[in-house]
Amino acid sequence: AAGDTAQRPRLALGRALDLLRGTDDLADELGIAHDPGPITPSVRADFISGDTVEDDGFVVYEPYALSDGTTTFRTIVWQFDADSGEVRQSIDAGDEYVVLRNVTSFRCRFQPMRSTENRRRGILDHDRLRRATVVVTVEADQGAGVNANAAGRSSFTLSGSASPRRNVGVR
């Protein structure tokens, strides 16, 4: 049980960073806005205007091969539900799956950038993700080897950052 308490959050954080890192140039060819980012519309609008923002989840667009050989994108959303203490994933607004339980905080910070194309055309919108940082705090199970705080609860915080592969090195 002690290993699960720390291992599951580490795996979930790793998966989140993999999703945020894994953009694909195929969407550019199809004219699909696909960079990962915040899920709340008002926060996304601030992101597009160039502000560094925080949200309680993220959206990514993952390439998906269809049976006829064409490629489309599926929408993957991770969102923190404070009432249940869970981080949940949904794919194409379908069924939700619990990614992580006993979560007390899940924050995603997004730093935007303008693509070369937008700069070339004089478009002011920030249409690319420069860097995402995910910070998750999990309440540990009793006996998990994590020291309790003054309230008798044990928790730990993990964080990580990722830049979409295509954007690495772009200034």
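Trainee: In strand 4, which residue is the bridge partner of aspartate 81?

Mentor: Glutamate 86 is that partner, in strand 4. Strands here are DSSP runs of E with at least two residues, while helices are runs of H or I with at least four residues, both numbered from the N terminus. One caution: this is a predicted model, where local features need pLDDT of at least 70 and side-chain atom pairs count only at pLDDT 80 or more, while totals for chains, interfaces and linings use all residues. Residues are numbered from 1 along each chain as its sequence is written, and side-chain values use heavy atoms, with hydrogens and water left out.

Trainee: How many bridges join strand 3 to strand 4?

Mentor: Strands of a sheet pair through backbone hydrogen bonds, either parallel or antiparallel. Two strands count as paired if DSSP finds at least two bridges between them. Here six bridges join strand 3 to strand 4, and the two run antiparallel. They form a hairpin with four residues between them, and glycine 85 in the turn has a positive phi of about 70°.

Trainee: What is the order of the strands in the open sheet?

Mentor: The order is 2-3-4-5, four strands with antiparallel pairing. Strand 2 (57-65) and strand 5 (96-100) stand at the edges with a single partner strand each, so one side of each has no neighbour in the sheet. On average, neighbouring strands of this sheet are turned by 30° against each other, direction ignored; the axes are lines fitted to C-alpha atoms, for helices over the stretch in contact, and angles between N-to-C directions run from 0 to 180 degrees.

Trainee: How many bridges join strand 2 to strand 3?

Mentor: Nine, and these strands run antiparallel. Glycine 57 stands opposite glutamine 79 in strand 3. Their hairpin has five residues between the strands, and glycine 69 takes a positive phi near 95° there.

Trainee: And the aromatic pairs: how many does the count come to?

Mentor: Rings of Phe, Tyr and Trp (its six-membered ring) pair if their centres lie within 6.5 Å; planes under 30 degrees apart are stacked, over 60 edge-to-face, and the rest tilted. By this rule the count comes to two. In one of them, the rings of phenylalanine 47 and phenylalanine 110 have centres 6.4 Å apart and planes at 80°, so the pair is edge-to-face. Phenylalanine 47 lies in helix 3 (residues 41-48) and phenylalanine 110 in strand 6 (residues 103-113), so the pair ties together parts 63 residues apart in sequence.

Trainee: Are phenylalanine 47 and phenylalanine 110 buried or exposed?

Mentor: Both are buried; buried means under 20% relative accessible area, exposed over 50% and partly exposed in between (1.4 Å probe, protein chains only).
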